[in-house]
Amino acid sequence: MSVELLKPELARIVRIKPMVEDHHLFQVRFEDAETVESFRHRPGQFVEMSVIGSGEMPISISSSPTRRGILEFCVRRVGRVTNALYRLPQNSLLGLRGPYGNGFPIEEMKGNNLLIVAGGLGMVPLRSLLWYALDNRRDFKEITLMYGCRSPAEMLFRYELETLTVRDDMSCLLTVDDKAGQEWDGNVGVATDLFAGVEFDAANTYAAICGPPIFYKYVIQKLLERGFSKGRILMSLERKMKCGIGKCGHCGIGGAKKLVCIDGPIFTYWDVVDMREVI
Ligand SMILES: Cc1cc2nc3c(=O)[nH]c(=O)nc-3n(C[C@H](O)[C@H](O)[C@H](O)COP(=O)(O)OP(=O)(O)OC[C@H]3O[C@@H](n4cnc5c(N)ncnc54)[C@H](O)[C@@H]3O)c2cc1C
Ligand code: FES
């Protein structure tokens, strides 16, 4: 594999915002002014982020391509590289290569209603799509966000999303599995409970979904019951990755018929319906 293909660009962490426990938002800017200008991504794409001296990992771009200059990444601390990232102070340098993956088919989605259903950390890649659609509001018909997480203290982007609940050009439905004794006036129940009472024009709606493994099973079941076709259910999938560019084979699914880093991470349900292990 050519080293050139894997060469990261230096980028500086301009701000670190702790969000909920073990989830920080990193605001990052490329060092090279030309790269800042030329970098383009689609909602749903990811980068390979390297923490110098510790290793590399795939991380979704959580900011919208409509907000240029600063890229935002929400990273959960889980292991070696994420711990090394959390040890870096503001102003530190990172390596970024990408953007990789297909991203959401936004041109095809335009002119339709958009339903975003997120669970837990699944809000991270879908936030890019949400803000892309809101910043290009006239390109989409109705926009609905359904987001569920375990408790109010675990809700990512809570204050940002609460400001959306009062907008009259979209519907933002938030829920927690359990209030856990915390301040919360909103819905209590799992994300699929939010479907009750919402009417869909399934033939003219794209559903974009991302969440923990069990979440896909129940959300897809709801969408099929509501008449969504398999090709209009778009899922963001995660697999262990190494190269991010289709060379190493680490991210193969369906007996390696498809590579998540190239053919995904966005798949329609139709694409993977025969790959039992995927969802
Ligand atoms: C396309 C893509 C986009 C991603 N976007 C984000 C993101 O926006 N924010 C974020 O926090 N994480 C994201 N991830 C997951 C992230 O890449 C892993 O959490 C990270 O690589 C863990 O590195 P580590 O060295 O800290 O953990 P390790 O020391 O390698 O592992 C620690 C634990 O995390 C588990 N783990 C490692 N990688 C993954 C993975 N891909 N999926 C599930 N569990 C994993 C391991 O099995 C182990 O239990 C994404 C993954 C993919 C494939
Ligand atoms: S990560 Fe190497 S082929 Fe996908």
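**Figure 1. G254 in a loop of the predicted model.** G254 counts as partly exposed, having 15 C-beta neighbours inside 10 Å. The model shown here and in the other views is predicted. The loop that holds G254 runs between β13 (252-253) and β14 (258-259). Q182 is 72 residues from G254 in sequence, and the two C-alpha atoms are 42 Å apart in space.

Figure 2. P265 sits in the loop between α7 (260-263) and β15 (266-268). P265 is buried because 25 other C-beta atoms lie within 10 Å, and 20 or more are required for that class. Leaving out residues up to four places away in sequence, P265 touches G44, F46, G101, S236, L237, E238 and V260. For the pair P265 and S236, the separation is 29 residues in sequence and 5.3 Å in space, C-alpha to C-alpha.

**Figure 3. The surroundings of ligand 1.** The shell around ligand 1 holds 19 residues. M57, S60, G79, V81 and T82 are the closest of these. By residue class, the shell is made up of 11 nonpolar, 3 polar and 5 charged residues. Three elements, β4 (55-60), β5 (71-76) and α2 (80-87), each contribute at least two residues to the shell around ligand 1. Of the elements, β4 gives the most, with 4 residues.

**Figure 4. The contact between domain 1 and domain 2.** The domain assignment divides the chain into domain 1 (4-100) and domain 2 (106-236). Their C-alpha centres are 25 Å apart. Domain 1 brings 16 residues to the contact, and domain 2 also brings 16 residues. On the side of domain 1 that touches domain 2, the elements giving two or more residues are β1 (9-20) and β5. That side of domain 1 consists of 6 nonpolar, 7 polar and 3 charged residues.

**Figure 5. The largest nonpolar core.** In soluble globular proteins, nonpolar side chains tend to be buried together. The largest nonpolar core of this model has 74 residues. Within this core, I116 and A207 have the most contacts. Helix α4 (residues 123-135) gives the most to the core, with 8 residues. Both domains take part in this core: at least three residues come from domain 1 (4-100) and at least three from domain 2 (106-236).

**Figure 6. A207 and the residues it touches.** A207, one of the two residues with the most contacts inside the largest nonpolar core, touches L115, V117, L223, F228, R232, I233 and L234, not counting residues up to four places away in sequence.

**Figure 7. The whole chain, for orientation.** The chain contains 8 helices and 15 strands. Its radius of gyration is 18 Å, close to the 19 Å given by the globule rule for 279 residues, so the chain is as compact as a globular protein of that length. The C-alpha trace spans about 50 × 45 × 35 Å along its principal axes. Among the 279 residues, 39% count as buried. Of the contacts in the chain with a separation of 6 or more, 69% are between residues 24 or more positions apart.

Technical notes:
Residues numbered from 1 in each chain as written. Chains lettered and ligands numbered in written order. Predicted model: local features only at pLDDT ≥ 70, side-chain atom pairs only at ≥ 80, totals over all residues. Near = placed C-beta within 6 Å. Nonpolar A, V, L, I, M, F, W, Y, C, P; charged D, E, K, R; others polar. Domains from an automatic or database assignment. Contact = placed C-beta atoms within 7 Å. Rg over C-alpha atoms; globule rule 2.2 N^0.38 Å. Buried ≥ 20, exposed ≤ 12 C-beta atoms within 10 Å, placed from the backbone. Core = buried A, V, L, I, M, F, W, Y, C linked by C-beta atoms within 7 Å.
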